[in-house]
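Subject: Structure for your review

Dear colleague,

Please find below a structure that I am handing over to you.

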Amino acid sequence: MAFTAKPEILSPRLKRGGKAFDDENLDLLSHVLDDFIRIPGTSIRFGLDGIVGFIPGIGDLIGGIASCIIIIAAWMRGVSYVTVARMVANVAIEVVVGSIPVLGDMFDIAWRANRRNYALLVGSVDEPRKHTLQSWLFLAVVCVVLAALVILPMLLLTWVFDGLFHSLFGTGSHGLFHTL
């Protein structure tokens with residue numbers, strides 16, 4: 001008697017996670033994290049992410065960890081890697097800028113990374129090419145801004161030290177900023 005076993009076939013990334021990663025649940029999660037509570041008489045809305053952001057030290061980190069659920073769901077659904085990278089950048093921007101006391105918390109409430117990421121997830125499933133191109137452009141702008149944040153202070157320090165060297169030693173400057 002021959003025994004034949006069927007090979008185990010693993011489900012695609014799309015099917016993992018069960019109902020926890022359904023659109024309805026992810027929409028609810030992004031809503032609770034970003035715009036669940038409305039200030040009466042205004043159009044200002046915020047969620048649990050904005051509230052825990054006020055906890056010094058760990059508040060923004062906790063919010064960032066909660067935001068990773070939508071990113072994991074996007075990856076499991078097979079969203080392009082560049083779009084997932086854009087989602088990670090959205091959360092990173094929210095966590096880093098949100099860690100600045102008071103102003104960062106206001107930015108955190110306005111940025112709404114979870115709503116952005118949910119929209120990216122849904123749009124990327126519907127129109128993958130459009131969102132992939134937009135994600136590449138977004139990441140290119142982020143890289144240019146980060147490069148400027150590194151290069152501009154270095155140029156400023158070079159200019160300051162060049163002027164300081166000139167005033168201390170009275171010699172002609174051969175530096176980068178010698179224009180006058």
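Axes here are lines fitted to C-alpha atoms, for helices over the stretch in contact, and angles run from 0 to 180 degrees between N-to-C directions. Please note that this is a predicted model.

With that in mind, the pairing of helix H4 (residues 81-98) with helix H6 (residues 113-126) may be described: their axes come within 9 Å and cross at roughly 175°. Since angles over 145 degrees count as roughly antiparallel, H4 is therefore roughly antiparallel to H6. On the H4 side, the residues that meet H6 are Thr-83, Arg-86, Met-87, Asn-90, Val-91 and Glu-94. Their partners in H6 are Ala-113, Asn-114, Arg-116, Asn-117, Leu-120, Leu-121 and Ser-124. By class, this contact of H4 with H6 comprises 5 nonpolar, 5 polar and 3 charged residues.

H6 also packs against H1, at an angle of about 160° and with the two axes 8 Å apart. H1 is therefore roughly antiparallel to H6, and the crossing of the two is left-handed. H1 contributes Asp-23, Leu-26, Asp-27, Ser-30, His-31, Leu-33 and Asp-34 to this contact, while H6 contributes Ala-113, Asn-114, Arg-115, Tyr-118, Leu-121 and Val-122. The residues of the contact of H1 with H6 are 6 nonpolar, 3 polar and 4 charged.

A further partner of H1 (residues 23-34) is helix H3 (residues 59-76); the axes of H1 and H3 come within 10 Å and cross at roughly 155°. H1 and H3 are therefore roughly antiparallel to each other, and H1 passes H3 in a left-handed crossing. Leu-26, Leu-29, Ser-30 and Leu-33 of H1 make this contact with Ala-66, Ser-67, Ile-69, Ile-70 and Ala-73 of H3. The contact of H1 with H3 holds 7 nonpolar and 2 polar residues, with no charged ones.

The largest cavity holds about 30 Å³ of space. Which residues line the largest cavity? They are Leu-33, Asp-34, Phe-46, Gly-47, Asp-49, Gly-50, Asp-108 and Ile-109. H1, helix H2 (48-52) and helix H5 (103-111) each supply at least two residues of this lining. By class, the lining residues are 3 nonpolar, 2 polar and 3 charged.

With kind regards

Conventions
Residues numbered from 1 in each chain as written. Predicted model: local features only at pLDDT ≥ 70, side-chain atom pairs only at ≥ 80, totals over all residues. Heavy atoms only, no water. Helix = DSSP H or I, 4+ residues; strand = E, 2+ residues; numbered from the N terminus. Parallel < 35°, antiparallel > 145°, perpendicular 65-115°, else oblique. Left-handed = near helix turned anticlockwise from the far one by under 90°. Contact = heavy atoms within 4.5 Å. Nonpolar A, V, L, I, M, F, W, Y, C, P; charged D, E, K, R; others polar. 1 Å grid on protein atoms, 1.4 Å probe; cavity = no way out; pocket = protein on both sides within 12 Å on 5 of 7 lines; lining within 4 Å. Points joined across faces, edges and corners; volume = space filled by probe spheres on them.
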